[in-house]
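Open the model in a viewer and keep the sequence beside it. The stops below go from the whole chain to single side chains.

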Amino acid sequence: MRKYVVGILSREYDVITAEDGLAGLKKLKRYIPDIIISDIMMPRMDGYEFCKVVKSDPKLKHIPLIFLTAKADIEFKIESLEEGADDFIVKPFNSRELMARVKSMLRIQELVRENALKEQEVAELTEVLGEKSRYHDLVGKSEVMQEVYR
């Protein structure tokens, strides 16, 4: 399955792989990916445990995580989302579905980054505007106070 996914994604993206959750965590110490795709059934550390560790780390929790699974029942879907997964793909899947889900997650991630930058910009502008209404310990926005500041 890993070779199949790598074959699909490596046409458009740089791909780093790991054979299980523990190896994945080691790689995350060296590389911060734009997205994580994880199977649930893995040796040594399953996908749920891997997801918990990733989503509890402040440096990694922002990374979208997509689960791959053979389970299609509603309980699985609920459990996956509660564990912190952002999406899931039920096996078997085709290459177009995988690429569409990855592109969708990356678009959402880009919007989140843009929003964070805009929020920072608004905070900085608000601070600048606030400073225009004060002079040392004096605070005021009236025309008379603005004249005093000038």
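This is a predicted model: local features need pLDDT of at least 70, side-chain atom pairs count only at pLDDT 80 or more; totals for chains, interfaces and linings use all residues.

Residues are numbered from 1 along each chain as its sequence is written, and side-chain values use heavy atoms, with hydrogens and water left out.

**Whole chain**

Colour by secondary structure. Helices (H or I, at least four residues) and strands (E, at least two) are DSSP runs, numbered from the N terminus. Along the principal axes, the C-alpha atoms fill a box of roughly 70 × 35 × 30 Å. The radius of gyration of the chain is 23 Å, whereas a compact globule of 150 residues would have one near 15 Å; the radius is taken over C-alpha atoms, and the globule rule is 2.2 Å times the number of residues to the power 0.38. Of the 150 residues, 31% are buried. Buried means under 20% relative accessible area, exposed over 50%, and partly exposed in between (1.4 Å probe, protein chains only).

**Largest pocket**

Select V15, I16, T17, I36 and I37, which are the closest to the centre of the largest pocket among its 32 lining residues. The space in this pocket is about 840 Å³. A pocket here is an open set of points on a 1 Å grid over the protein atoms alone, where a 1.4 Å probe fits, with protein on both sides within 12 Å along at least five of seven lines; lining residues have an atom within 4 Å of a point. The volume is the space filled by probe spheres set on the points, which are joined across faces, edges and corners.

Next, show α1 (2-9), α2 (21-30), β1 (36-39) and α5 (95-131), each of which gives the lining at least two residues. By class, the lining has 21 nonpolar, four polar and seven charged residues. Ala, Val, Leu, Ile, Met, Phe, Trp, Tyr, Cys and Pro count as nonpolar, Asp, Glu, Lys and Arg as charged, and the others, Gly among them, as polar.

**Aromatic pairs**

Which rings pair, and at what angle between the planes? There are two aromatic pairs in the structure. Y4 and F93 are a tilted pair, 5.8 Å centre to centre with 45° between the planes. Y4 is in helix α1 and F93 in the loop between β3 (87-90) and α5, 89 residues apart. Y4 is partly exposed at 38% relative accessibility, while F93 is buried at 8%.

Move on to Y48 and F67, an edge-to-face pair at 5.6 Å and 80°. Y48 belongs to helix α3 and F67 to strand β2 (residues 65-69), so this pair ties together parts 19 residues apart in sequence. Y48 is buried at 11%, and F67 is buried at 0%. Rings of Phe, Tyr and Trp (its six-membered ring) pair if their centres lie within 6.5 Å; planes under 30 degrees apart are stacked, over 60 edge-to-face, and the rest tilted.

**Two single residues**

Stay in helix α3 (residues 47-56) and pick K52, which is partly exposed at 43%. The C-alpha atoms of K52 and E83 are 6.3 Å apart, although 31 residues separate them along the chain.

Finish at Q109 in helix α5, a buried residue at 8% relative accessibility. Beyond its neighbours within four places in sequence, Q109 contacts H62, I63 and P64.

Technical notes: Contact means heavy atoms within 4.5 Å.
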